[in-house]
Amino acid sequence: RSPRVIRERGSRSDDALEFQEQIDGDRKLFSTAYDATHLWLTHEAIFGAGLLLETSAYEAKVERDRRGSELEEEAGFSISDRRDLEVRGLRQDWSLQRSPLHSLSWGTELRRFDVRYDYHAEREFDSELRRLRHDFGSDSTAFRGRFEERHDSLYVVDRRRWAAPLTVELGLRHDRYSQNR
């Protein structure tokens with residue numbers, strides 16, 4: 001007997017933000033960009049009496065680009081920032097209603113994270129106020145990195161309702177995280 005599909009859902013959303021400021025006199029330039037996209041699909045089906053399956057797949061992407069520069073009277077500063085985040089996942093949940101007072105649930109989720117950073121900074125602050133600012137001269141910073149992470153999980157739950165105010169739930173869960181650089 002084939003399953004009865006009770007619900008299928010899909011959704012996609014986009015979000016964007018951009019901010020710019022520019023003054024050429026003593027050079028003050030800023031630019032901020034943000035872009036996010038989310039996509040998820042869900043499928044629910046019933047197999048026989050009381051067996052429910054819900055499967056979800058999802059993806060999210062967030063991009064951010066921040067620049068800068070401010071030389072106000074040669075005090076300095078410059079920053080650049082680029083971050084990208086991608087999340088992908090697949091989740092499956094099963095529920096079996098054995099009786100009105102007893103149910104079992106089990107499932108798994110596989111999730112992947114991929115994050116990229118590209119960061120750059122400069123500063124100068126070589127002025128008479130450096131002692132007040134605890135500034136001791138020029139500086140420069142650079143960072144570039146990529147992180148990948150996996151999150152895998154399994155679970156099983158046994159739920160019993162003994163009397164109207166009392167429900168007992170016993171469950172096991174295993175989560176595994178791993179990160180690569």
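Guide: A salt bridge is a side-chain nitrogen of Lys or Arg within 4 Å of a carboxyl oxygen of Asp or Glu. This is a predicted model, in which local features need pLDDT of at least 70 and side-chain atom pairs count only at pLDDT 80 or more, while totals for chains, interfaces and linings use all residues. Residues are numbered from 1 along each chain as its sequence is written, and side-chain values use heavy atoms, with hydrogens and water left out.

Visitor: What makes Arg-176 and Asp-152 a salt bridge?

Guide: Their closest N and O atoms are 3.5 Å apart, and the limit is 4 Å, so the pair qualifies. The pair links distant parts of the chain, with Arg-176 in strand β7 (residues 166-180) and Asp-152 in strand β6, 24 residues apart. Strands here are DSSP runs of E with at least two residues, helices are runs of H or I with at least four, and both are numbered from the N terminus.

Visitor: Why is Asp-152 called buried?

Guide: Buried means under 20% relative accessible area, exposed over 50%, and partly exposed in between (1.4 Å probe, protein chains only). Asp-152 has 11% relative accessibility, so it counts as buried.

Visitor: What makes the contact between Asp-93 and Arg-91 polar?

Guide: A polar contact is a pair of N or O atoms within 3.5 Å; within protein, one must be able to donate a hydrogen and the other to accept it, and residues adjacent in sequence count only if both atoms are side-chain atoms. The side chains of Asp-93 and Arg-91 make such a contact at 2.8 Å, so the distance is inside the limit. Asp-93 belongs to strand β4 (residues 78-99).

Visitor: Is Asp-93 buried or exposed?

Guide: Its relative accessible area is 14%, under the 20% cut-off, so Asp-93 is buried.
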